[in-house]
Amino acid sequence: MNVLIIYCHPSKKSYTHQILQQLKKVLKNESIKFEISDLYEMNFQTEMTEQEYMREGLLNLDLPIPEDVQKEQEKIENADCIIFLYPVWWSDCPAKLKGWFDRVYTVGYAYGYDKAEKENKKMKTVKYGISLCTAGHPNMFLDEIGIAESMRNIMIDDRLGQRFSNKELIILGGTLDRKKVEKDHSKIVKNIPKRIKKYCA
């Protein structure tokens, strides 16, 4: 089985990067193959160009898909599981990850199949998707104020949607007091390979 990690954080000193290192370690220990799209390290282009808009917004499928987008689509096609790892910023993912969805989910590939020509390849249904995000506020607070539900609606129901057979949102909350949560978060990360094997074996 193959795992694709879409990682989005600008700092290697961050708690999110610490979680990435833990995740890499547990996947290696379970001999699960993985590759990482580190969006900041790749300097992934966030903004859609005018030509991309002309293709997407006006359904002009004669216009080419950019090479960097094609590479990300190839990674999706090779993956049994995709893990989106990012911090919660203003109740959502960072702009760079939002830009990844804007550009990589092209018409005829991730949506709009009825408008697409037959030669356009439709995105595979990925077996398992995890939205794994770090958050300063505790999970209970995010549930109470409705932010957790909003995040599920946007990330799980819309962005992952029918493109994934199984999907879940895992919030590693309470990072404003790391010492209180690090142990519990480590247990959650350690358990991720079991989840992957359950859905992708």
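# Chatting through the sheet and its cores

Visitor: How many bridges join β1 to β3, and which way do they run?
Guide: β1 and β3 run parallel and are joined by 5 bridges. Strands here are DSSP runs of E with at least two residues, helices are runs of H or I with at least four, and both are numbered from the N terminus. Two strands pair if DSSP finds at least two bridges between them.

Visitor: What kind of model is this?
Guide: A predicted one: local features need pLDDT of at least 70, side-chain atom pairs count only at pLDDT 80 or more, and totals for chains, interfaces and linings use all residues. Residues are numbered from 1 along each chain as its sequence is written, and side-chain values use heavy atoms, with hydrogens and water left out.

Visitor: OK, which residue in β3 is the bridge partner of tyrosine 7?
Guide: Leucine 85.

Visitor: And what's the strand order in the open sheet?
Guide: β2-β1-β3-β4-β5, 5 strands with parallel pairing. β2 (33–38) and β5 are at the edges with a single partner strand each, so one side of each has no neighbour in the sheet.

Visitor: Switching topic: which residues touch the most other members of the largest nonpolar core?
Guide: Ile76, Ile82, Phe84, Tyr86, Leu97 and Trp100, out of 33 residues in that core. A nonpolar core is a set of buried Ala, Val, Leu, Ile, Met, Phe, Trp, Tyr and Cys residues joined through side-chain atoms within 4.5 Å. Buried means under 20% relative accessible area, exposed means over 50%, and partly exposed is in between (1.4 Å probe, protein chains only).

Visitor: Which element gives the most to this core?
Guide: α6, with 6 residues.

Visitor: What does phenylalanine 84 touch?
Guide: Leaving out residues up to four places away in sequence, its contacts (heavy atoms within 4.5 Å) include Ile6, Leu97, Trp100, Ile130 and Phe164.

Visitor: Now threonine 175. Where is it, and is it buried or exposed?
Guide: Threonine 175 sits in the loop between β5 and α7. It is buried, at a relative accessible area of 16%.

Visitor: What about asparagine 191, where does that lie?
Guide: In the loop between α7 (178–190) and α8 (192–200). Asparagine 191 is partly exposed, with a relative accessible area of 29%. C-alpha to C-alpha, asparagine 191 is 8.6 Å from valine 26 in space, though they are 165 residues apart in sequence.
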